[in-house]
Amino acid sequence: MADPKVPAAEEGPTRCGTIALMGAPNAGKSTLLNALVGSKVSIVSPKPQTTRTRITGIAMAERAQLIFLDVPGVFSPKRTMERAMVAAAWSGAADADVVVVLVDARRQPDVPGDDTAMIIDHLKHKNRKAILVLNKVDLVPRPTLLAKASAMTQPGSPFTDVFMISALTGSGVDDLRKHLAKISPDGPWLYPPDQLADIQERFLAAEITREKLFIALHDELPHALTVETERWEEKKDGSVRVEQRVIVTRDSQKPIILGAGGARIKAIGMASRKELEVIFGRPVHLFLQVSVDKDWAETPRHLRAMGLEAPRR
Ligand SMILES: Nc1nc2c(ncn2[C@@H]2O[C@H](COP(=O)(O)OP(=O)(O)OP(=O)(O)O)[C@@H](O)[C@H]2O)c(=O)[nH]1
Ligand SMILES: [Mg+2]
């Protein structure tokens, strides 16, 4: 039987909008995506540059289907993978009907050339309007927020509206979703109305393990690794056997990830498995291997596994 909460397309006119969630690294874009969709679709960590490719999450708001593109943060890229990440962020903006610029409200007033300023300059250059969303309001006193909102929406800014939210607590997220539904263009839904994401299971499973690694490891190590799902085997008993490889760039990084007697990789694997069982709703047998490939972040095959296009030289 159809879920009564899920609207049906034949009941009346429909709207469909694609919304890019842009912002500096660590602004809270993936936390916001998950809050808007109401489900864990994109990984989150306290480290900047967690999201490496475009992640699509879908939400229904009344008669509108909202297709959210969570993209990597915008920063000045140096390495090949970083350039591919920032290119994915700009292409998200190009493909969207609406651009939301998420700003960590604790951020100091605009320093020219910083990551958010780069996004604002890009929007101005493309003559595009956007919605400003000040995030992390749970950490900032209200007068500071108002001053920031006013400073960022002076004449000449690309912003048509300002929202103040906490993606973490959910404060203000409903109002933002309703507004986005209201301004979405008329059009048919592009996904079934009960679909929450457009991600392959194998990729999502690798992302969840990468999230646990990002949370457990420090300094540059998270940025030096990638995770790939190499085997995905459905078992007759309804469980799934997942084999993943963690690839690092240097021999010296391997023992850090393994930990004394393999304790760290075991804890990481257990945290990932537990979450995968919740996401996929069935038992998961997860096997992790660590190997070294100093060039993985420059190799098109590994970038593609992460959902990135290798940038042209
Ligand atoms: N206190 C507070 N923390 C938040 C809020 N939103 C996000 N965070 C935290 O900010 C950190 C970064 O969140 P992410 O959602 O990964 O940020 P992102 O913009 O997707 O980051 P990248 O993918 O690296 O570009 C995490 O530790 C979140 O828990 C918020 O509203 N309040
Ligand atoms: Mg992110």
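Me: Which residue stands opposite Ile-67 in strand 3?

Reply: Thr-18 stands opposite Ile-67 there. Please keep in mind that this is a predicted model.

Me: How many bridges join strand 1 to strand 3, and do they run parallel or antiparallel?

Reply: Strand 1, residues 15-23, is joined to strand 3 by seven bridges, and the two run parallel.

Me: And strand 2, parallel or antiparallel to strand 3?

Reply: Strand 2, residues 55-61, runs antiparallel to strand 3, and seven bridges join them.

Me: Why is strand 3 largely enclosed by the rest of the structure?

Reply: Strand 3 covers residues 64-70, and seven of its seven residues are buried, so the rest of the structure largely encloses the strand. A residue counts as buried when its relative accessible area is under 20%.

Me: Which residues of strand 3 point one way, and which the other way?

Reply: Ala-64, Leu-66, Phe-68 and Asp-70 point one way, while Gln-65, Ile-67 and Leu-69 point the other way. All of them are buried. In a regular strand, side chains alternate between the two faces of the sheet.

Me: What lies in the loop between strand 2 and strand 3?

Reply: Glu-62 lies in that loop. The hairpin of strand 2 and strand 3 has two residues between the strands. Glu-62 has a phi near 55°, which is a positive value in a residue other than glycine.

Me: Does Glu-62 count as buried or exposed?

Reply: Glu-62 counts as exposed, at 62% relative accessibility.

Me: Which other residue has a positive phi although it is not a glycine?

Reply: Lys-136 has one, of about 70°. Its place is in the loop between strand 5 (130-135) and helix 4 (142-152). Lys-136 is buried, with a relative accessible area of 15%.

Me: New topic: what volume does the largest pocket have?

Reply: The volume of the largest pocket is about 340 Å³. Its lining consists of 23 residues, and those nearest its centre are Asn-26, Gly-28, Thr-31, Val-44 and Ser-45.

Me: How do the residues of that lining divide into nonpolar, polar and charged?

Reply: Eight residues of the lining are nonpolar, eleven are polar and four are charged. Helix 1, residues 29-37, gives the largest share of the lining, with three residues.

Me: Which residues are closest to ligand 1?

Reply: The closest are Gly-28, Lys-29, Thr-31, Gln-49 and Thr-50, among 23 residues that surround ligand 1.

Me: What is 2.5 Å from an oxygen atom of ligand 1?

Reply: That is an N or O atom in the side chain of Thr-31. The side chain of Thr-51 also has an N or O atom 2.8 Å from an oxygen atom of the ligand. For Ser-45, a backbone N or O atom lies 3.4 Å from an oxygen atom of ligand 1.

Me: Where is Ser-42 found?

Reply: Ser-42 is in the loop between helix 1 and strand 2. Ser-42 is buried, with a relative accessible area of 1%. Its side chain makes a polar contact of 3.3 Å with the side chain of Ser-30.

Me: Last one: where does Asp-95 lie?

Reply: Asp-95 lies in helix 2, residues 80-95. Asp-95 is partly exposed, with a relative accessible area of 47%.

Notes: Residues are numbered from 1 along each chain as its sequence is written. Chains are lettered from A and ligands numbered from 1 in the order in which they are written. This is a predicted model: local features need pLDDT of at least 70, side-chain atom pairs count only at pLDDT 80 or more; totals for chains, interfaces and linings use all residues. Side-chain values use heavy atoms; hydrogens and water are left out. Buried means under 20% relative accessible area, exposed over 50%, partly exposed in between (1.4 Å probe, protein chains only). Helices (H or I, at least four residues) and strands (E, at least two) are DSSP runs, numbered from the N terminus. Two strands pair if DSSP finds at least two bridges between them. On a 1 Å grid over the protein atoms alone, a cavity is a set of points where a 1.4 Å probe fits but cannot get out, and a pocket is an open set with protein on both sides within 12 Å along at least five of seven lines; lining residues have an atom within 4 Å of a point. Grid points are joined across faces, edges and corners, and a volume is the space filled by probe spheres set on the points. Ala, Val, Leu, Ile, Met, Phe, Trp, Tyr, Cys and Pro count as nonpolar, Asp, Glu, Lys and Arg as charged, and the others, Gly among them, as polar. A residue is near a molecule or strand if one of its heavy atoms lies within 4 Å of it. A polar contact is a pair of N or O atoms within 3.5 Å; within protein, one must be able to donate a hydrogen and the other to accept it, and residues adjacent in sequence count only if both atoms are side-chain atoms.
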